[in-house]
Amino acid sequence: MMKGLIIKDLMCLKKQLTVFVYVLVGVLIVSVMYVLSARYGNIARAGAEMLVENDMSEIDVKNLSSMALVFFMLLPIAVIGDMANVFEADGKAGFNKVAGAFPVPLRTRLLSRYITICALFSLGVLIDILIALVLSTLTDLISLSDFLGIIVSAASVMSIYSALVIFFCLVFGYGKEQYAQICSLGTMVLSLILLQWKSVKRILTVITESNPVAAESIDSSFIWGALDFIKEKAWILFLIAATVSILSYGASLLVAERKRGVI
């Protein structure tokens, strides 16, 4: 029965998976073109000009190029699994009203959604790794190990988002999936601000003092520090994602039980 529930969830994401395929092909083509241009073409020449004209260091130029690749690698994972679509499809089909009558424990029905998340993001990670193998042979902007760190970090962040979406969808109920998405993003942003409050406070202080030179220095150090964290400390995000998913499952189970198994 668990297998059937997972297949049902995947069918609800059929349109999203179709978009994923198109995005995947586009990312592969654009990424290959980008790294070739960064090595031999216009992007390489633009980087050389920035070194001369803008007084930028070689590390800054390399980080800028790496940041673009980071966004490319984020796209396939970002579009593959938004569980709000599953709740919306279930609501339209009336599945949430009859699910409680199924001879399947509530914890099993809820667990199937988290397993669907893991399956989708595992697929996204696997495909991203294949793309990284191709790109790592064409460029020295980012090493394969850094590529892997970026991929794991991206999957971890999206897993946190999806786990929160499941919880908030259960809290708000059918028809309010957009509120669940907003609350999930808001929770993640608020948590990031609280965890990095010292850095955020320092940036706000510099901005209020109207010191553009200091602000630019802090902004660049904050961005490059975040990039290094994504590449080198992906295991921390992975552990956070696992913890959030477990807590989300427990909290979602409590909410679903209070709603008499209507999920």
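Let's start with the overall picture. The model is predicted. The protein has twelve helices and zero strands. Read from the N terminus, the order of elements is α-α-α-α-α-α-α-α-α-α-α-α. The protein has 263 residues, and 40% of them count as buried.

Now walk along the chain. Begin with helix α1, which covers residues 2-12. Find Leu 10 there. Is Leu 10 buried, partly exposed or exposed? Leu 10 is partly exposed, because its relative accessible area is 29%, and that class lies between the 20% and 50% cut-offs. Next, look at Leu 10 together with Leu 120. In sequence, 110 residues separate the two. In space, their C-alpha atoms are 8.8 Å apart.

Move on to helix α2, residues 14-40. Met 33 sits in this helix. Its relative accessibility is 56%, so Met 33 counts as exposed. The cut-off to remember is over 50% for exposed.

Next, the second largest pocket. Its volume is about 370 Å³. How many residues line this pocket? The answer is 18. Five of them lie nearest the pocket's centre: Ile 117, Cys 118, Ser 159, Phe 238 and Ser 245.

Where does the lining come from? Three helices each supply at least two residues: α7 (106-136), α8 (144-172) and α12 (234-258). Which helix gives the most? That is α7, with eight residues.

Ile 246 is exposed, because its relative accessible area is 60%. Now pair Ile 246 with Ala 163. They are 83 residues apart along the chain. Their C-alpha atoms are separated by 8.7 Å.

To recap, then. The protein is built with twelve helices and zero strands.

Note on methods:
Residues numbered from 1 in each chain as written. Predicted model: local features only at pLDDT ≥ 70, side-chain atom pairs only at ≥ 80, totals over all residues. Heavy atoms only, no water. Helix = DSSP H or I, 4+ residues; strand = E, 2+ residues; numbered from the N terminus. Buried < 20%, exposed > 50% of the residue type's maximum accessible area, 1.4 Å probe, protein only. 1 Å grid on protein atoms, 1.4 Å probe; cavity = no way out; pocket = protein on both sides within 12 Å on 5 of 7 lines; lining within 4 Å. Points joined across faces, edges and corners; volume = space filled by probe spheres on them.
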